[in-house]
Amino acid sequence: MDDVYFKLNLYALPIIIILGTFGAIANQALFYYRKVLRGTSCAVYFRALSLNDLIVLWYILLLQWLNEQYHIRPEVNSVVYCKLSLYVLNIFYNLSPNFLVLACFDRLCTSSNSARIRKIATPRVAYCLLGSTILFTMSIYIYVLIWSEIVSTPEITVCTIIHPIYSKLLALTLMIFYCFLPPVLMMIFCALTLFFLRQQRRRIMPLNQVRIRQRDNQLIKMLVIYVTTNILCILPFTINYFLQVYIYFNPSPFSSSLVQYSIILLSVTYATSFYVYTLGTPFYRDEFRNLLKDIWRKI
């Protein structure tokens, strides 16, 4: 089973990194250069999401691949780097679903009948919420910076949390703030947004308002698809990790292999955002096509 995982990891992670990098760069270009998208607050969240995905792909996943294929492991050579790398890893993994929660909340605000709530969906507020979310995510993992250490055994040297209480706390934090809370908030915000949009469909709107609502409806569709993908990719890893820490005090090779496979599945989450945007909704496919035409004309 380890040999199967080794070969799967050898080919799967580079493909994920390459496709994810192209998608993240395309998202940055799409939400920056297209005027119809650039001025929206939701574009701020999607650009932040794509930037965080790039960091995960090239800092976390690439180092993971180099470690497992070529045993390049800088985190076991320095205690300071070990602490920082494990702390940063958990932060960046957690930021993408949190940014997606903000995007769902932004769509909820724009679909509200209250003018006061709609004012929340502005780029200025978006930057404030992004900053607050980053600070909150950094704070809930601060103990990782303190309790992570380099542990050496005759078989392997790893950077991990050695204190059993804080190891269990990390598993619980991942379960709540990474696996459970973001998907639940996404589903609640998307459900409320769909409810508000259905109410507004019953009203007679000017033509330009109809077009805006059509764009918002497609954005909601995109978010629902992305939320579903997120849950399917994140849930197996979190459940396996939680079981290893709380149930399997001496994990078997089979359960350890399940965690490894679930990490590959987890990695897919950080490479799919662009493909959800372009393949999930006609509006974003058209905008990306127009972006390519603009680039071709300039060339």
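Visitor: How do the residues lining the largest pocket divide into nonpolar, polar and charged?

Guide: In this predicted model, the lining divides into 29 nonpolar, 11 polar and 5 charged residues.

Visitor: How is a pocket found, and how much space lies in this one?

Guide: Rolling a probe the size of a water molecule over the atoms shows where empty space is left. Here, the largest pocket holds about 1,900 Å³ of space. It is lined by 45 residues, and L86, V158, C159, T160 and I263 lie nearest its centre.

Visitor: Which elements supply at least two residues of that lining?

Guide: Helices α1 (2-33), α3 (41-70), α4 (79-110), α8 (164-201), α9 and α10 each do, and so does strand β2 (157-161).

Visitor: What span should the 16 residues of α10 have?

Guide: At 1.5 Å a residue, helix α10 (residues 253-268) should span 22 Å. Its end C-alpha atoms are 24 Å apart, which agrees.

Visitor: Next, the aromatics. How many aromatic pairs does a search of the whole structure find?

Guide: It finds 14 aromatic pairs. Take F105 and F189: their ring centres are 5.5 Å apart and their planes stand at 55°, so this pair is tilted. F105 belongs to helix α4 and F189 to helix α8, so the pair ties together parts that are 84 residues apart in sequence.

Visitor: Is F189 buried or exposed?

Guide: F189 counts as buried, at 15% relative accessibility, because the cut-off for buried is under 20%. F105 is partly exposed, with a relative accessible area of 25%. Another tilted pair is F195 with F196, at 5.9 Å centre to centre and 55° between the planes. F195 counts as partly exposed, at 47% relative accessibility.

Visitor: Which residues do ring pairs link into a cluster?

Guide: That cluster is made of F22, F274, Y275 and F288.

Visitor: Last one: which element has the lowest mean pLDDT?

Guide: Where pLDDT is low, the predicted coordinates should not be read in detail. Helix α9 (residues 207-246) has the lowest mean among the elements, 72, while helix α6 (residues 123-140) has the highest, 96. For the protein, the mean pLDDT is 85, and 91% of its residues reach 70 or more. Remember that α9 also supplies at least two residues of the pocket lining.

Technical notes: Residues are numbered from 1 along each chain as its sequence is written. This is a predicted model: local features need pLDDT of at least 70, side-chain atom pairs count only at pLDDT 80 or more; totals for chains, interfaces and linings use all residues. Side-chain values use heavy atoms; hydrogens and water are left out. pLDDT is the predictor's confidence in each residue, from 0 to 100. Helices (H or I, at least four residues) and strands (E, at least two) are DSSP runs, numbered from the N terminus. The expected span of a helix is 1.5 Å times one less than its number of residues. On a 1 Å grid over the protein atoms alone, a cavity is a set of points where a 1.4 Å probe fits but cannot get out, and a pocket is an open set with protein on both sides within 12 Å along at least five of seven lines; lining residues have an atom within 4 Å of a point. Grid points are joined across faces, edges and corners, and a volume is the space filled by probe spheres set on the points. Ala, Val, Leu, Ile, Met, Phe, Trp, Tyr, Cys and Pro count as nonpolar, Asp, Glu, Lys and Arg as charged, and the others, Gly among them, as polar. Rings of Phe, Tyr and Trp (its six-membered ring) pair if their centres lie within 6.5 Å; planes under 30 degrees apart count as stacked, over 60 as edge-to-face and the rest as tilted. Buried means under 20% relative accessible area, exposed over 50%, partly exposed in between (1.4 Å probe, protein chains only).
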